[in-house]
Amino acid sequence: AHGRNIVHRDLSPDNIILRSGDPAQAVIIDFGIAKDTNPGAETIVGNEFAGKYAYAAPEQLHGRTDARTDLYALGAALLANFRGAAPDLGANPMEVIQSKSEPLDTSGVPEPLKTLIDRMTAPDPDARFPSARAVLDFLDAPQPGQIDPEAAQDDDAATVIPQMHPTWAAASEARAATQVSDKPAEPGRLPDPAVNNGASNELLGVPTGATAPAPAPAATGNRTGRLAAAAVVALSLAAGGAYVTGALDGVLGPRLPVADPYDLTVIYPQEGTPSVTGHVPDETLRDAVAARLDALGGTADLTLARGDLPADWGSDILTTLDLLAPLSTWQLSADGASVEISGTTTDPAVQTAVMAGFADGPPGALDGSVDIALIEIFLDPALPEAALESLADCGPLSLTGAGPGGFGPDTTLTVQGRVAATATRVQAFDDLRALAGDRQIVLDLEVLNPTLCMLDALLPAAPAGGVEIDYSLGDTAEANASGIFLVGENPVIDVVLPADMTDGYLSVSIIDVSGNVYHLLPNLMLEGNSVADLRAGRSGPLPVRVAFADDPARTEQRLVFRVDDSALGKSEILAIHSTEPLFDGLRPMTESAEGYAEALRRHADRNAALIDTIDRRRLVTQAP
C-alpha cells in the first residue's frame, strides 16, 4: 500500500484478520479511511483525525499522516498482542493527549522485539523507522547497537532470542533476488509466504569431535587401567583436533554445518521469478535443483548442510519437482522429510495426471500433504453471488467485475453494501477466496450493527437532501470532524438546513449502538419541527442545534449527552425531511429500536409517500 502512496490510518488488531486462524495468512482490511498521498489525489475523509486513539500516532491527532503513522499503529498493535491489552492511554482526553507525547511502555518486552516496537512507536515520527522496508530490514538482521542491552540481558532465558533463525537472516537477500516485495500490494491477495524463506547464512554448529572422558578408575585400580583411560581421552582429543583443523577432510570429506530445521522451499509463481532457497546435502543435488530453476528462468540460493534425512531424500525431491513441472503454479516446502506440496492448473487433464503421480502421497520416504487445485479460466458469477446472498444480513450485497463470460483469471471481484458485523465481512472474504482462486477481491463493505440494519430495512428508499450533520465537543466548543467521541466527552450536534429547504418537516433521531432511539427533533423540549418555524424568516443555510453542551449555568431543559462505557460503537443520526409529520403526535424522547421499528411498520405506506429525503451520519463512541 505504501508503495502506491496509500496510508491506511486505522491499523489496529480488529483490522488485521487471520485467514483460517493462521498468523501466516494475515490480511489487512478496512481501508475505508485510507488517505491517498499521490499529488492531486482526494482523501476520503480529509486531513482531520481518523482512526482509533489507542493505536493512533501522536501526529494523527492533529491531522498529519504519512507512512510512519501506519508504522506507529502497527507497532502499538504488536505491543497490544504481546501484552494482551491495548496500550493504556488514560481515562480522559487530556490524559490521552499527554500519553501520546510519551513513548509506549515496553518494559519487560524481550529483545529484539522491544527495540522493534520502540523504533516503530517513537512519538517523534523522525525517530521511527522511515519506511515499512526499513522494518523488514530490521527483522532480517536486528542491529546489535540498536538493542537495549539491559533488556537483552533479561534473566528469563525463555523470553530472550539469542540468535536469529538462518532463514530470517536470508530473507532480505531472497526478496532482493525475486523482487517480489517491490510489487505493489494487491487487494485481497496475500503475499507469497515463501518470500521470507532463505538460507544463505549458516549456523556453524561444528562438532569438537571430543568424546566424554572415561570415568576415573577406582582407587584400588591398577596403573595400567589409569594409563588406558588417559590414552582414550588423548586419542579422542587428538581426533577432535584433527577434525576441527581439517586434517581428516581427505578421509571424512569436507565438513558441513548442521541445519535445524533442514528446510527447502521451491516456488513457481504465476507472476514473478521462480526461486529455490534452503538446504541440500551435496553438490550433485544442489546443481540438479539449480539447473531446473535456471531452465525456468529462476534463481537458486542453496546452502550445503547436514541434517537428519532419509537416504533417498535428494532423489525424492527431484521426483517431486518433475511431477509438478506441468502445473501453472506450484510450491514445494520441505522441513526434512516432512513436505507440503501445492499447485494449480486450468487444465483438468493436467490436474488428473499430476494427482496420479501423487496417488500414494509424496514420493519415496517423503511424508506430508499434496493439494493440486483446478482453477476455472472463467468463474461463473452465480457462484459468488449465491455465497453473498446467504451473508446479506444488512441489505443486499452487490458484486461487480464480471465480463460476458464471467470473472476472468485477471479480473477483480468487488463487493459493495452493508453488513451487520465484522464477522460477516470476514466470512465473505473467506467464502469468496475459496471460489475466486488467485483473482483479487475488494470488499467495499460498511460494517454497521444489527439495530441499524433492522431499522434501515424499514425506511423507504429516499435520496439525500443536503442536510449536513455537524459535531463539536461541548467541553471545548471545538469542531469534531471525525465524528468519534471518547468516554467522558460531551457530543454537541447541529443539523444544517440547506438554503433550498424552506418547507415541510424535519425529524432527527439517533439510532444508538445499544439498541435505543433518541428523538432529537421533535421532542418534548423541541416540539416544533416544521421547517418554516425553524427558519423563523431566516434564509440561507441554517444550523439547528439538537444536542447541547453540558453547561451547569443553563437552567432551561436541553438534551445533553455524555459518553459512558456502557455501549461503545457505531450509532447513526437520521435527518428525515417529509412533506407532513411522520407520526401522529410526538414519539417518546427515548424508545427501544423495536418500538420505533413497529411505528415505522405501521406508517410504512404513508411514510413512503411523505418522505422526500433522508440524510445520515455516523457517530462513533469508543474508549481512549
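## A buried arginine

Contact here means heavy atoms within 4.5 Å. By that rule, and leaving aside neighbours within four places in sequence, Arg535 touches Leu497, Pro498, Ala499, Met501, Thr502, Gly540 and Leu542. This is a predicted model, in which local features need pLDDT of at least 70 and side-chain atom pairs count only at pLDDT 80 or more, while totals for chains, interfaces and linings use all residues. Residues are numbered from 1 along each chain as its sequence is written, and side-chain values use heavy atoms, with hydrogens and water left out.

Arg535 sits in helix α16 (residues 531–535); helices are DSSP runs of H or I with at least four residues, strands are E runs of at least two, and both are numbered from the N terminus. A polar atom of the Arg535 side chain does lie 2.9 Å from the backbone oxygen of Met501.

## One disulfide

The structure holds one disulfide (cysteine sulfur atoms within 2.5 Å). Cys394 and Cys453 form this disulfide, with their sulfur atoms 2.0 Å apart. Cys394 lies in the loop between α13 (382–389) and β11 (398–400) and Cys453 in helix α15 (residues 450–458), so the pair ties together parts 59 residues apart in sequence. Both Cys394 and Cys453 are buried.

Technical notes: Polar contact = N/O pair within 3.5 Å; in protein donor to acceptor, adjacent residues only side chain to side chain. Buried < 20%, exposed > 50% of the residue type's maximum accessible area, 1.4 Å probe, protein only.
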